[in-house]
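Have the coordinates open as you read.

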Amino acid sequence: MQSYPEIQRNLRTKILTMYKRANAGHIACSLSCIDLMIASLILEKTEDEQFILSKGHAAVALYVSLNYLGEISDEELLTFYTDGTRLSAHPSANKFKNIPFALGSLGHGLPIAAGIAKANKILKNNDFCYVLMSDGETNEGTTWEAMHFAVKNQLDNLIVMIDKNRVQGFGYLQDVLGDTANPKVWKEIGFEVHETGGHDVAQIRNTIQHIKSHQNKKPRVIIANTIKGKGVSYMENTIDWHYLPMNDEQYQLALKEVNHQK
Amino acid sequence: MRNLFSKKIQEVVLQDEKIIFVTGDLGYNALENLRNSIPDRFINAGVAEQNMIGMAAGLAYKGFKVFCYSIAPFITYRCLEQIRLDVCIHKLPVFIVGNGGGYGYGIMGATHHAIEDLACLSSLPNIDCWIPNIDDDVPFVIDEILKNKKPAYLRLGKNVKNPFGTPPEIISQLKKSPQPRVTIISQGAVTQNVIEATENSSDIDIFTVSKLPLLEIPINLKQSILQSKKLLIVEEHVFRGGLSENVSLKLLENNIQLDKFKALYALGYPNELYGSQSYHQKISGLDKENILKVLTEL
């Protein structure tokens with residue numbers, strides 16, 4: 001198997017290539033959460049478990065991860081953003097086993113994941129359900145509804161991952177509604193809270209393994225401190241790169257930077 | 001119809017352990033027995049309808065058939081996007097049950113009425129909207145919903161006894177005349193008013209439609225309309241997206257010509273005053289007296 005940095009470089013390169021070919025935005029959103037996906041979807045999720053990408057605007061990170069796992073071919077990746085594709089800008093429904101739900105309207109993934117976790121409890125199996133959210137998504141009312149549902153139903157088989165890059169669609173987390181992804185709040189409501197660096201695959205894996213090693217009737221949240229646009233200096237921590245596509249020069253610089261990281 | 005629904009659900013959940021029942025914190029004096037008989041499969045999701053529907057989609061993805069219950073407006077408008085995205089486009093067996101469709105909650109006011117619910121939900125992909133018209137329709141419709149295993153909306157109304165003894169069907173002919181002067185198509189609780197208004201008439205055909213969107217006009221309904229050439233539609237729902245609009249489209253598509261067409265439908269709150277279900281029916285001209293008047297004029 002490739003080393004973690006090799007996988008990280010490889011998938012970041014594919015992400016950049018797909019966005020450049022499509023002349024599409026949401027690049028920084030995918031670069032922000034790809035390491036969380038490597039740790040959870042690629043390395044820790046078992047065959048029978050579900051991974052839900054609630055921040056559907058990072059679909060490209062999901063597509064390259066499923067490409068790594070062999071579910072989406074290199075040829076199919078080339079169809080991204082084109083007419084007649086199965087790879088729309090936000091994941092579409094009923095096409096891939098590991099894309100169980102079409103998501104992209106924010107605030108839908110956590111309730112769905114809570115339902116899957118509840119089903120696993122009723123079925124008395126040992127499967128976990130992973131859901132990857134943006135921090136902006138914690139603004140949504142459904143997040144708060146689902147948090148309380150998960151706590152009340154003792155869903156310790158639910159692993160919520162928050163990509164806390166602190167950059168929302170039209171402002172910074174702190175400036176929009178305040179820190180709705182605050183670990184104190186999640187803990188107070190009844191979650192087992194883990195704060196991690198969001199780009200350290202080994203640390204994220206360790207956290208997931210620790211979570212899976214014990215039961216305590218509390219749903220779990222990994223609040224991952226991430227950098228939006230991680231790996232491309234001019235994209236990092238900016239609102240612009242939530243939306244912008246790259247020109248040729250920017251693309252070459254981005255490729256160079258992600259491939260020179262350790 | 002809530003108690004008929006509860007009775008039937010009680011039967012089916014004991015026969016099928018893949019059925020889960022979720023309520024949005026409602027069901028007092030109706031769902032207690034159900035809660036006691038399947039404690040592991042009865043979920044009170046709280047006053048949180050959007051999460052209830054998304055969560056139900058997660059349960060359905062894992063192989064369960066999920067009934068979600070609340071008052072009709074709360075479980076339709078409030079969570080329309082969850083119904084569209086989480087349930088409908090994934091074709092999941094989540095069955096949305098709204099009690100008190102139309103003006104069913106009467107004096108409770110506009111917050112508790114659902115007179116645009118069928119327009120909202122029947123326009124979504126892969127979903128059937130079920131409207132039991134008479135009491136016997138309730139168990140029939142629940143069996144259909146479970147058999148189809150696809151997204152469904154069940155709009156429960158007030159009890160209506162069927163004096164004609166006809167078996168429940170999706171499009172049912174309650175009353176048949178040898179030479180119909182007028183054909184009536186009715187939907188929902190106003191069927192009671194239609195039955196009463198036509199008690200002494202022997203030249204009226206009455207049909208009810210318990211499923212939208214309307215996919216076709218069945219042969220017996222077509223024959224009745226071709227004979228009478230006069231059609232009256234009565235529904236406790238706004239015109240747009242309801243039974244009247246559905247029937248109108250099918251008449252045009254099938255080139256069925258009429259001499260006279262009249263639709264009686266919910267007008268909303270034209271005087272901005274509130275009252276019982278009967279009061280709102282009267283304001284919209286859905287009451288027995290107005291139906292009689294319209295029949296005379298046709």
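This is a predicted model: local features need pLDDT of at least 70, side-chain atom pairs count only at pLDDT 80 or more; totals for chains, interfaces and linings use all residues.

## A covered strand in chain A

Six of its six residues are buried, so strand 2 is largely enclosed by the rest of the structure. In a regular strand, side chains alternate between the two faces of the sheet. Here, both faces of strand 2 of chain A are covered: A:Cys129, A:Val131 and A:Met133 are buried on one side, and A:Tyr130, A:Leu132 and A:Ser134 are buried on the other.

Strand 2 of chain A has parallel partners to look at. Strand 1 (residues 50-53) of chain A pairs with strand 2 over four bridges in the parallel sense, and you can find A:Gln50 opposite A:Cys129 there. Strand 3 (residues 158-164) of chain A is also parallel to strand 2, over six bridges, with A:Tyr130 standing opposite A:Ile159. Between strands 2 and 3 of chain A, the chain passes through helix 6 (residues 141-152), making a right-handed β-α-β crossover.

## An enclosed strand in chain B

Now turn to strand 3 of chain B, residues 65-71. Seven of the seven residues are buried, so this strand, too, is largely enclosed by the rest of the structure.

Strand 3 of chain B runs parallel to strand 1 of chain B, and five bridges join them; B:Lys65 in strand 3 is the bridge partner of B:Ile19. Strand 3 of chain B also pairs with strand 4 of chain B in the parallel sense, over six bridges. In that pairing, B:Ser70 stands opposite B:Gly98.

## Where the chains meet

How much area do chain A and chain B bury between them? The value is about 2100 Å², with 64% of it on carbon and sulfur atoms. The contact draws 24 residues from chain A and 25 residues from chain B. Zero salt bridges are counted between the chains, while eight residue pairs are in polar contact across the interface, both residues at pLDDT 80 or more. On the side of chain A that touches chain B, the elements giving two or more residues are helix 5 (109-122) and helix 6 of chain A. Helix 5 of chain A gives the most, with nine residues.

From the other chain, have a look at helix 5 of chain B, residues 80-88, whose buried residues are B:Gln82, B:Ile83, B:Leu85, B:Asp86, B:Val87 and B:Cys88. These buried residues pack against helix 5 and helix 6 of chain A, together with helix 3 (49-61), helix 4 (72-76), strand 4 (94-99) and helix 6 (117-122) of chain B.

A:Ile116 sits in helix 5 of chain A and is buried, with a relative accessible area of 0%. Which residues does A:Ile116 contact, leaving aside its neighbours within four places in sequence? They come from both chains: A:Gln50, A:Ile52, A:Phe101 and A:Cys129, along with B:Gly58, B:Leu59, B:Tyr61 and B:Lys62. The C-alpha atom of A:Ile116 is separated by 9.9 Å from that of A:Leu155, 39 residues apart along the chain.

A:Thr143 belongs to helix 6 of chain A. With a relative accessible area of 1%, A:Thr143 is buried. The A:Thr143 side chain reaches the backbone oxygen of A:Glu137 at 2.9 Å. Apart from neighbours within four places in sequence, the contacts of A:Thr143 are A:Leu110, A:Met133, A:Glu137, A:Thr138 and A:Trp186.

## Backbone details in the loops

Most residues other than glycine have a negative phi, and most peptide bonds are trans. A few spots are worth a look with that in mind. A:Arg166, which is not a glycine, has a positive phi of about 65 degrees. A:Arg166 lies in the loop between strand 3 and helix 7 (173-176) of chain A and is partly exposed, with a relative accessible area of 39%.

In chain B, phi of B:Asn29 is positive, near 70 degrees. The loop between strand 1 (19-23) and helix 2 (32-37) of chain B holds B:Asn29. Is B:Asn29 buried or exposed? Its relative accessibility is 59%, so B:Asn29 counts as exposed. Finally, B:Leu212 and B:Pro213 are joined by a cis peptide bond, with omega about 0 degrees. You will find B:Pro213 in the loop between strand 10 (211-212) and helix 9 (219-228) of chain B.

Terms used: Residues are numbered from 1 along each chain as its sequence is written. Chains are lettered from A and ligands numbered from 1 in the order in which they are written. Side-chain values use heavy atoms; hydrogens and water are left out. Buried means under 20% relative accessible area, exposed over 50%, partly exposed in between (1.4 Å probe, protein chains only). Two strands pair if DSSP finds at least two bridges between them. A crossover is right-handed if, with the strands pointing away from the viewer, the path from the first strand over the helix to the second runs clockwise. Contact means heavy atoms within 4.5 Å. Buried area is the accessible area (1.4 Å probe) that two parts lose on being put together, summed over both. A salt bridge is a side-chain nitrogen of Lys or Arg within 4 Å of a carboxyl oxygen of Asp or Glu. A polar contact is a pair of N or O atoms within 3.5 Å; within protein, one must be able to donate a hydrogen and the other to accept it, and residues adjacent in sequence count only if both atoms are side-chain atoms.
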